Amino acid sequence: MSKFRKGIITSMLVLLLSSVSTSFLMIKQPVQAATVSTVTTINEPQINASAGIAVDVNHGKVLFAQDANKPLPIASLTKLLTIYVVLKQIKQGKLSWDHKVSPTPSLSALSHNSQCTNVPLQMNQQYTVRQLYQASLIYSANAAVMLLAQAAAGSQTAAIKLMRQQAKQWHLKDVTLDNTCGLNNSFLGNDRYPHSATNAENKMTAQDVAIIARHLIRDFPEVLQTSRTVSTTFNDGNTNVPMKNWNLMLPGQKYADNKLKVDGLKTGTSDAAGACFAGTMPLSHHNRLITIVLHANGSDELGKRFIVTNELMKYVINNWHEQPVLITNHANKHLQAINVPNGKQTRLAVVPQQDVNIWVYKQQPLNVKYHQVNIHKTFDAPLKQNTVVGKMIVTNNDNLGYLPDAQLPQTKIVTAHRDLKANLFVRMWRKICTWF
């Protein structure tokens, strides 16, 4: 063999050994886990109410909580769940907006009871689902929402069962549901759940109500078009009955605040529940805030629920803000490269497929947990750029946490660039190296 050919072969072997040795070292490189610091404790103010909670709609991040897991009477906040069940039936094609129903004698009688909020339902008239929906959400009309529930399910008992099933599906644990409107059972005669106490009231926690409100807004955002309506009329068949929204934080109303832009959602009042309010306002083009106040206290009987809600909303917007922690297609030290044993690069960098924002409390340093979940332990080359290989979940590491059914902030992770398959000799040498 000539010296020239020997030199070429020797050079090739040196290059091969150099490349496989480097690859061997790379494949043995340990994966560093993201550092998790101690839990941050958020120092929250006290609100003048028996219970309250504030959450964002996108991710269910809890931004404030006071006795949020204490079951309490909720009065007409019940109607949020009733409305959800009705809208779900419409979406599934089991009910239409133009469907007409007539009131039962008991519901017609209830609609004329001056002790309860109502629009009159006449025995000789029919009302559309849309009419009853508007009366329920804008004016909190009790007989109207009960007739609406009956139209959706066939009877009061069947409607309550649907509501209970929905609550169970969302894993609400501290729920008492005995009627579809939120009144004390003493007003309802036989239009309550069979064998429930004659003076019982529906109960939930503030967290439960927040979960319902969040699902309602996320699944049926059109409710906000109705909930922001300040006033309209209800045609009972004889006359147009005025309906004014009980939410006095809407624009132009007594307790409106131009800085908050409240556009929903529902009030609730009874002797046992006191003054309750589920409020919502936009935070940006892509997110909004939900606040729940149960049994507000204060000297202003008309406005105490709105005064407390105003304070709670301002606390959130003055002390919390969203901050990007992952940026689309940008490298991040918390993103661990994937293993590609047969690739030219055995460790391939990954990047986020989309931005991820996290809520940050202004008086505390950023404290975030990163959790990367790869589709496979190892991947086979070739891999194209932007191939989805897993996801990264990012959460606040604080004592408030998220709603139990929340979708935590996350993004798919993709390959930062392509990775071709290593040649046969390199792959064979890597195999040999694993024997030692």
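Guide: What follows is a conversation about the core, the helices, the strands and a few individual residues.

Visitor: What kind of model is this, and how are residues numbered?
Guide: This is a predicted model, in which local features need pLDDT of at least 70 and side-chain atom pairs count only at pLDDT 80 or more, while totals for chains, interfaces and linings use all residues. Residues are numbered from 1 along each chain as its sequence is written, and side-chain values use heavy atoms, with hydrogens and water left out.

Visitor: How many residues are in the largest nonpolar core?
Guide: The largest nonpolar core has 118 residues. Such a core is a set of buried Ala, Val, Leu, Ile, Met, Phe, Trp, Tyr and Cys residues joined through side-chain atoms within 4.5 Å. Buried means under 20% relative accessible area, exposed means over 50%, and partly exposed lies in between (1.4 Å probe, protein chains only). In soluble globular proteins, nonpolar side chains tend to be buried together.

Visitor: Which residues have the most contacts inside it?
Guide: They are Ile53, Val119, Leu216, Val223, Ile292, Leu294 and Val394.

Visitor: What is Val394 in contact with?
Guide: Leaving aside neighbours within four places in sequence, Val394 is in contact with Val325, Leu326, Val356, Ile358, Val368, Lys369, Tyr370, Tyr402 and Pro409. Contact means heavy atoms within 4.5 Å.

Visitor: Now the helices. How do H2 and H6 cross?
Guide: The axes of helix H2 (residues 78–91) and helix H6 (residues 156–169) come within 10 Å and cross at roughly 95°. That makes H2 roughly perpendicular to H6. Angles of 65 to 115 degrees count as roughly perpendicular, under 35 as roughly parallel, over 145 as roughly antiparallel and the rest as oblique. Axes are lines fitted to C-alpha atoms, for helices over the stretch in contact, and angles run from 0 to 180 degrees between N-to-C directions. Helices (H or I, at least four residues) and strands (E, at least two) are DSSP runs, numbered from the N terminus.

Visitor: Which residues meet there?
Guide: From H2, Thr78, Leu81, Thr82, Tyr84, Val85, Lys88 and Gln89 meet Leu162, Met163, Gln166 and Gln169 of H6. By class, this contact has 5 nonpolar, 5 polar and 1 charged residues. Here Ala, Val, Leu, Ile, Met, Phe, Trp, Tyr, Cys and Pro count as nonpolar, Asp, Glu, Lys and Arg as charged, and the others, Gly among them, as polar.

Visitor: On to sheets. In what order do the strands of the open sheet with S15 come?
Guide: The order of its 4 strands is S15-S19-S18-S17, with antiparallel pairing. The edge strands are S15 (350–352) and S17 (368–374), each pairing on one side only. From one strand to the next, the twist averages 30°. Two strands pair if DSSP finds at least two bridges between them.

Visitor: How many bridges join S15 to S19?
Guide: The antiparallel strands S15 and S19 (residues 410–415) are joined by 3 bridges. Val350 stands opposite Thr415 in S19.

Visitor: What about S9: is this strand mostly buried or exposed?
Guide: Of the 7 residues of S9 (residues 264–270), 6 are buried, so the strand is largely enclosed by the rest of the structure. S9 pairs with S10 (residues 274–282) in the antiparallel sense over 7 bridges, and a hairpin joins S9 to S10 through 3 residues. The bridge partner of Ser270 is Gly274 in S10.

Visitor: Finally, where is His295?
Guide: His295 is found in strand S11 (residues 288–296). His295 has a positive phi of about 50° although it is not a glycine, and its relative accessible area of 27% makes His295 partly exposed.
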